[in-house]
Structure formats: C-alpha cells, structure tokens
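Hello,

Here is the structure for you to look through. My notes on it follow below.

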Amino acid sequence: MNTNTQLLRFITAGSVDDGKSTLIGRLLHDSKSIFEDQFSAISKTSEKRGMGAVDLSLLTDGLQAEREQGITIDVAYRYFATPKRKFIIGDTPGHEQYTRNMVTAASTANLVVILVDARKGVLTQTKRHSYLASLLGVPHVVLAVNKMDMVDYSQSRFDEIVAEYKAFAAQLNLHDVHCIPLSALNGDMVVDRGDNLDWYQGPALLELLETIEIDRDVNTDDFRFPVQWVCRPQTEEYHDFRGFAGRIEAGEVSVGDEVTVLPSGRTSRVKEIVTYDGNLQTAFAPQSVTLTLEDEIDISRGDMLVKTSAHPPKVEKEFEAMLCWLSESPLDKGRKYLVKHTTRTAKCLFSRIDYRVDVNTLEQHAVEKLNMNDIARVALKIQQPLVFDSYEIDRATGSFIVIDEATNNTVAAGMIA
Amino acid sequence: MSKHTFTHLDALESESMHIMREVAAECKNPALLFSGGKDSIVMLRLAEKAFRPAKFPFPLVHIDTEHNFPEVIATRDKLAADLGERLIVRSLEDSIARGTIVIKDESKPRNPFQSVTLLETIAEFGFDACMGGARRDEEKARAKERIFSFRDEFGQWDPKNQRPELWDTYNTRVNNGENIRVFPISNWTEMDIWEYIGREKLHIPEIYFAHEREVIRRGGNVIPVSHLVQPKPGEKVEVVSVRFRTVGDMTCTAPVESTARTVDEIIAETATTRITERGATRMDDQTSEASMELRKKEGYF
C-alpha cells in the first residue's frame with residue numbers, strides 16, 4: 001500500500017431526488033469501499049422495506065431515529081481510499097436544516113460536488129448550494145450533471161446546463177469550477193467512464209477527485225502561528241526550555257526567521273523548530289510543531305506569531321463578518337456572547353445586523369433578528385483585540401465560532417469580511 | 001506540486017496533535033483513556049508528538065473489565081512505565097464490590113457495564129474531558145459523532161442535540177458536572193492505524209499478529225477458548241492460525257483467520273478484506289442494528 005497519498009475532504013450537495021445517495025453509493029461500491037457485511041445489512045433492510053433494488057442511500061443513515069423515519073438528521077462522515085488518495089466525504093441531508101449542516105460540512109472541505117438533475121437543470125437549490133460553497137470558501141467546485149441517461153446522454157443538454165451554471169457562478173466567489181456529465185444509476189463517469197458519454201473528454205468524477213491539485217488550498221504565503229499551548233517541561237534536561245506549541249495555519253517558517261508576536265508587537269527570531277522526530281530547519285502549514293525563540297518574551301495561548309508578508313494581519317477589537325446562525329434561539333442583539341477565534345476566546349457584542357441574505361435569491365433584506373439557518377452581514381465588537389485576516393486570505397485565521405455563555409452551545413459561525 | 005510532501009498520515013497526525021493540545025489548553029482536568037489496544041497505542045504516540053519534551057498534561061486511565069487478554073494488559077503496563085506517565089486503573093470489580101454493577105452471568109460480555117465504572121471514575125477524579133481512541137469508520141453511530149462530544153450529567157450522548165463543529169475551532173466549554181468525550185483520531189481508518197503503526201514502528205500486543213490458538217465456532221463466529229469461554233457439549237475445539245483485529249472483552253472479541261505475522265502483511269490483508277472491523281470481530285455489535293448507538297446513549301464511549 002502506498003503511504004505517500006494525500007487526503008482530500010469533500011462534500012456532496014443535492015437532494016435525494018438528484019441521486020446524491022446513489023452517487024455516494026456508486027463511488028463507494030465501484031471503488032470497492034463497501035464491505036460485505038455493510039452490503040448485506042442494507043440489502044436486508046431494503047428487502048424489509050419492500051424495495052426492489054438495494055438502496056445505497058442506507059449506507060449513510062446511521063442513527064435509529066433516522067432508520068425509523070427514513071430521514072437523515074445530521075452530517076455523517078464516510079471514508080474511502082484509492083491507491084492515489086484518501087477521501088473523507090461529509091454527507092449532509094437535504095431538508096430544512098440544510099444550511100446549518102452544509103455550512104458545517106463545507107467548513108473543512110477542499111471540494112464540493114453539486115448535483116443537478118439533467119432533466120431539471122439549474123434550480124434554486126443549485127444556486128443555494130453554490131452560494132454556500134462560495135461563502136465558506138470551498139476551493140474547488142464540481143457540478144455533477146446527473147441522470148444523463150434520462151436525457152439520452154445529450155451533449156447539447158449538458159452544454160446548456162453548464163452555460164447557465166457558469167453565468168450564475170460568475171457572480172460568486174468560486175475560483176475553480178469543473179462540470180461533469182454522469183449517470184450515478186448506470187455508473188457512467190463516476191468511477192468508470194462507461195460507453196455512453198464518448199463526447200465528453202474531461203475526467204470522470206473519481207479521476208478528478210484523485211488528481212485535482214490541493215496543495216494550494218492552504219495559504220502558503222502568510223505565516224500564521226496561533227499559540228495553542230506553552231511547553232515548559234521543567235525537568236533537569238530541559239530546565240530553560242520554553243516552547244510554543246501550535247499548528248502552522250498558513251505559510252512557512254524557518255530557523256532564523258524574524259517573527260512578530262501579536263497583539264504585543266514584540267519581535268524575536270526562531271531558534272528551533274522542535275518535533276518529536278527531531279528538530280526541523282523549515283516547517284509549513286498545516287504542520288503541528290513547537291517553536292522556541294531567541295529572546296525571552298512573554299507569550300501565551302491566544303497570541304499569534306507572524307512574519308512580515310504581503311498581507312499583514314489586522315489587530316482590532318471591531319470587525320465585520322458574514323454570519324451563519326446555527327441555533328434555535330435567535331440572535332439577541334442586547335446580549336453578550338463569546339467568540340472563539342483561533343486559540344483566543346473573548347466576549348463579544350453584535351453592534352449591527354447590516355442585512356440578511358436570502359440564500360435562494362441572493363437578495364439582501366434588512367432584519368432585526370437572526371433565526372436558525374439565517375446568513376447575515378454583521379458588525380462585532382470584541383472585548384479584547386483579535387489577530388485576524390479576512391476569510392478570503394486565510395480560512396483558519398478569518399473564521400470564528402460564537403458560543404452562548406448561558407448554555408455553552410455553539411450558536412453561530414462567522415467569516416471575517 | 002508543492003515543494004513539501006504532506007501525506008494523509010501527516011495530515012491526520014497534525015490534526016490529532018492539534019485536538020489534543022486544545023484539550024490540554026482548555027480543559028481543566030482531562031484524561032486519556034488507554035487500554036493497551038492498537039488505537040490507544042497510536043493515541044499515546046500522538047500525545048508524545050503533541051507534548052514532548054514535556055510530560056503529558058493528563059493521566060492515562062484504563063477501565064478494566066477484568067475480561068481482557070493478558071497480553072494486552074501487559075502491554076498497557078509496559079508502555080505506561082516506559083513513557084514514565086501516570087496510569088490510573090479502575091476495575092469493574094470495584095463497582096461490583098460497591099454493588100453498582102450486578103453480574104448475573106460471568107461468561108457474558110462486560111462491555112455494557114464499562115460505562116458504570118467509567119462514570120464513577122470520572123466522578124472520583126473530577127475529569128471534565130476524556131480522550132478516547134474511537135474512530136468514525138468503526139460504526140454507523142460513530143460516523144455522526146463530533147470530535148468534541150458533549151455529555152450531560154448522566155454521561156449521556158444525545159445524537160439529535162450535538163453542537164455544530166466547524167473548521168478546527170472546537171467548543172470545549174462544559175457546565176459543572178458535565179463533561180466531554182474527545183476523539184482525536186475520529187478521522188482515521190483501520191488502514192490508517194496500521195500504516196501509522198508501521199511507520200512509527202509501534203510496539204503492539206502480540207495477539208494482533210497471526211498465531212495458533214484454540215478456538216470454537218459458534219453462530220458464525222470464531223471464538224477463542226479461555227477460562228471464560230469453554231466449549232459447550234458438542235462443540236469442537238480447533239487449533240487455527242488467527243489474529244485479532246480488535247482486542248476487547250475476551251468473551252465477545254472474535255479473532256479472524258489469518259497468517260499475517262508482520263505489520264506489512266496485516267496492511268496487505270486489510271487492503272483486501274471484505275468485512276468491516278467490528279462486523280468481523282465484535283459480537284456485541286451484532287445484536288441489533290442500533291446496539292452501539294444505545295450503548296453510547298448510556299454513557300459508553
């Protein structure tokens with residue numbers, strides 16, 4: 001087995017009617033990632049429910065309530081591998097809590113597969129999925145035009161859908177869009193190319209997933225190192241050791257580099273890059289390492305080490321953000337919440353709700369409060385300065401969650417403008 | 001291509017280190033559950049990667065069913081001693097003596113009772129976070145569980161009321177008396193674990209490798225003969241070359257027939273196997289389609 005393979009995280013967006021579960025089932029089945037006992041369990045269930053064929057969608061509904069009601073209530077993660085890559089699929093259900101679930105799954109995804117039914121073309125939900133992918137900064141988008149078998153594998157129908165989609169996608173912040181005609185039911189262009197789509201020259205879905213370039217999905221330019229934990233062994237051997245443990249969220253760092261500690265603004269140089277496997281000369285995102293510095297300066301969890309770069313981070317107590325409200329209790333502008341941003345948690349207030357975005361039409365509406373699944377442009381005031389980038393520059397240092405102190409629940413997700 | 005190579009194992013390792021450090025930094029009194037099984041041995045290596053040259057900022061805790069394979073317990077003790085880390089062992093026997101667990105049949109699996117002793121141990125030490133080596137690819141209920149999985153005062157998991165988990169920004173906050181279970185290797189698969197054991201040259205109990213063992217065949221499973229499991233009249237004891245894919249309670253952990261004697265051979269077998277890890281080896285998960293989910297709701301890991 002080749003251990004030199006990369007990890008790709010992707011999500012699928014679409015409803016059961018678009019053949020989403022069938023597509024995932026087809027990917028797993030044709031890449032030989034379904035085990036016999038799983039297959040026999042879903043075969044039995046399909047039979048019990050009086051279904052003619054094996055319902056591959058049963059592979060992804062895990063909980064008792066879901067099996068009883070035939071619904072999917074949450075994000076499920078599935079894993080499969082080919083000799084070229086390892087994959088994590090975030091599978092999100094398509095009902096009314098869709099926004100919350102898709103936002104959650106998209107937050108860590110490299111790629112989103114947006115399904116459309118070739119007979120129906122680009123629908124409102126296609127636009128909604130694409131908007132959410134754009135909002136969450138998912139680096140790659142695949143428009144999977146499914147059920148090509150139902151339109152006689154027509155190239156002109158595919159071209160028509162692609163043209164309409166690209167015209168819409170141009171309004172969004174999507175950088176890398178691929179369109180594939182396929183039939184999940186018959187297996188055309190999913191894993192195998194099949195015999196029905198000879199006019200299509202591009203890669204089949206799995207081939208694209210295996211080869212798409214993901215090295216640049218993390219910001220490789222602007223070094224960002226939020227300090228997670230201060231390592232002070234206090235043993236004889238490491239008497240004076242004071243290391244700053246964390247994950248490099250963007251860019252890279254080498255021994256000798258000048259770094260600035262924010263928010264204090266003090267500078268020093270990197271003395272060592274310590275790892276269990278020995279010291280390194282250079283480390284890069286997303287490695288987890290421990291740094292020691294030449295000078296003794298006061299650094300604790302929540303501080304960030306950065307290098308001078310083209311995009312300096314901001315150190316401020318106020319900023320604007322796009323917010324997705326995730327909680328059943330609506331946003332109360334009169335209350336204080338907690339914001340957790342990288343490794344720092346601080347009290348915050350929502351000073352303004354500028355507008356809510358209708359995810360179906362992209363229209364903006366003035367609102368006084370936010371309900372679950374609402375997406376809005378807001379302004380926040382934080383009790384202490386945060387060190388941040390815009391979400392577009394760096395997903396890790398441009399994102400935050402909002403916690404309700406009364407319940408300790410996570411109530412919102414934010415992307416800094 | 002970028003100038004750096006960063007493999008899937010590197011990505012998983014870095015993610016797990018990040019999770020463990022969040023626990024160490026944000027939780028007041030965490031613990032790492034360590035059984036001596038392969039997944040928890042991987043967890044120990046990840047903790048070394050996250051915290052060395054310092055000591056672990058938490059103790060190791062094992063909830064011993066007293067139904068474990070002796071080789072696994074020996075490995076547990078040796079690894080903890082070699083690392084110089086504190087190991088707390090609490091036994092189901094303690095709970096039985098207290099009367100909080102009542103055993104009706106000694107030959108039955110004790111997994112259902114493990115949650116009782118776990119909750120008592122959590123209360124004894126006041127742990128607010130317990131890290132465990134469960135993986136999402138193991139079972140359907142796990143596939144939907146968060147990395148930071150919140151438990152109420154009764155240790156219960158409510159699958160319909162989970163906190164949304166976005167990016168790598170984890171909400172670690174709990175009220176008094178509540179706690180969280182944290183699964184740093186959620187995103188690892190059985191194959192990843194074996195590849196990592198090979199890469200890191202980790203010492204694991206011998207029973208993971210193929211060996212000759214006395215077994216009986218019962219209800220489609222191969223069951224190891226032990227002081228807890230004796231052949232019933234009419235059952236034939238065979239000596240078969242087997243290895244264990246998981247090592248839990250001796251009465252319900254079935255080995256698979258295998259001749260794989262090295263990590264590489266196990267990896268090759270894992271790549272071609274057609275049965276899931278728990279499906280092949282855990283009789284307690286075969287009882288109903290929702291058995292793991294029900295045990296989790298009751299406070300099982």
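A:Leu323 stands opposite A:Gly414, a residue of strand β21 in chain A. The model is a predicted one. Strand β21 covers residues 409–416 of chain A and pairs with β15(A) over five bridges, in the antiparallel sense.

β15 has another partner in chain A. Its residues 314–325 are joined by 10 bridges to strand β19, residues 375–388, and these two strands also run antiparallel. In this pairing A:Met322 faces its counterpart A:Arg377, which belongs to β19(A).

As background, strands of a sheet pair through backbone hydrogen bonds, and the pairing is either parallel or antiparallel. In a regular strand the side chains alternate between the two faces of the sheet.

Chain A also contains a closed barrel. How many strands form this barrel, and in what order do they run? There are six, in the order β7-β8-β13-β11-β10-β14, with antiparallel pairing. On average, neighbouring strands of this sheet are turned by 45° against each other, direction ignored.

The two ends of that list, β7 and β14, are paired as well: three bridges join β7 (residues 224–231) to β14 (residues 304–306), and the two strands run antiparallel. Here A:Phe225 stands opposite A:Leu305 in β14(A).

On confidence, the model scores ipTM 0.92 and pTM 0.91. For chain B the mean pLDDT is 86, and 89% of the residues in chain B reach 70 or more.

Regards

Conventions: Residues are numbered from 1 along each chain as its sequence is written. Chains are lettered from A and ligands numbered from 1 in the order in which they are written. This is a predicted model: local features need pLDDT of at least 70, side-chain atom pairs count only at pLDDT 80 or more; totals for chains, interfaces and linings use all residues. Side-chain values use heavy atoms; hydrogens and water are left out. pLDDT is the predictor's confidence in each residue, from 0 to 100. Two strands pair if DSSP finds at least two bridges between them. Helices (H or I, at least four residues) and strands (E, at least two) are DSSP runs, numbered from the N terminus. Axes are lines fitted to C-alpha atoms, for helices over the stretch in contact, and angles run from 0 to 180 degrees between N-to-C directions.
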